[in-house]
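Me: I have a model open and would like to understand the labels attached to it. Could you take me through them?

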Amino acid sequence: MKAGTALLISIRPNFAEQIFSGTKTVELRRVCPRVETGDLVIVYASGHEKSLVGAFQVAAVIKSTPTNIWKRFGPRTGLKRTDFESYYANVEIGYAIEISRTWRLLTPVKLADLRRQPGGFCPPQGYRYLNLSEVFNLGGEAMMRMNRRRSYVRPVNARSKRRSE
């Protein structure tokens with residue numbers, strides 16, 4: 001991803017919770033966003049939550065068949081095997097984004113507050129790219145200070161960096 005940008009992704013609230021609790025360490029995608037090791041991904045929890053809830057750092061991006069992704073990451077995907085197979089039905093190649101570090105906002109930024117920001121806010125269906133000024137507008141200082149470990153966010157974990165095969 002280009003320097004000075006972040007990826008904003010929409011995730012169902014239960015999967016966002018699993019990411020920040022450390023039980024889901026791989027985010028699955030049928031279409032791969034342009035992210036690389038070390039990139040910042042901002043998490044918008046959709047559904048009933050409708051909030052920016054935190055962020056994670058990309059450890060690696062793996063492109064492979066769904067079968068190989070399941071063999072390598074199964075329990076770390078946050079899905080049962082049947083749900084995984086349904087998600088990747090009729091897909092020959094899938095993508096697994098490994099998560100290295102996570103940060104949870106102490107106070108999620110609600111959709112109503114996001115919409116009051118300059119330019120408004122429309123949650124992405126899947127994902128979209130943000131420049132740093134957009135990140136600041138969305139979450140203010142809380143989002144800008146994520147990697148500085150200030151009182152706005154709580155670092156959840158720090159996993160070692162892994163490489164793709």
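Reply: Buried means under 20% relative accessible area, exposed over 50%, and partly exposed in between (1.4 Å probe, protein chains only). This is a predicted model, in which local features need pLDDT of at least 70 and side-chain atom pairs count only at pLDDT 80 or more, while totals for chains, interfaces and linings use all residues. Residues are numbered from 1 along each chain as its sequence is written, and side-chain values use heavy atoms, with hydrogens and water left out.

Me: Why is Arg81 called partly exposed?

Reply: Arg81 has 40% relative accessibility, so Arg81 counts as partly exposed.

Me: Why is Glu98 called buried, and what does Glu98 pair with?

Reply: Glu98 is at 0% relative accessibility, so Glu98 counts as buried. Its side chain meets that of Arg76 in a salt bridge, at 3.0 Å from N to O. Arg76 is partly exposed, at 25%.

Me: How do you know that Cys122 is exposed?

Reply: The relative accessibility of Cys122 is 56%, so Cys122 counts as exposed. Cys32, at 23%, counts as partly exposed.

Me: How many disulfides are there?

Reply: A disulfide is a pair of cysteine sulfur atoms within 2.5 Å, and a search of the whole structure finds zero.

Key
Salt bridge = Lys/Arg side-chain N within 4 Å of Asp/Glu carboxyl O.
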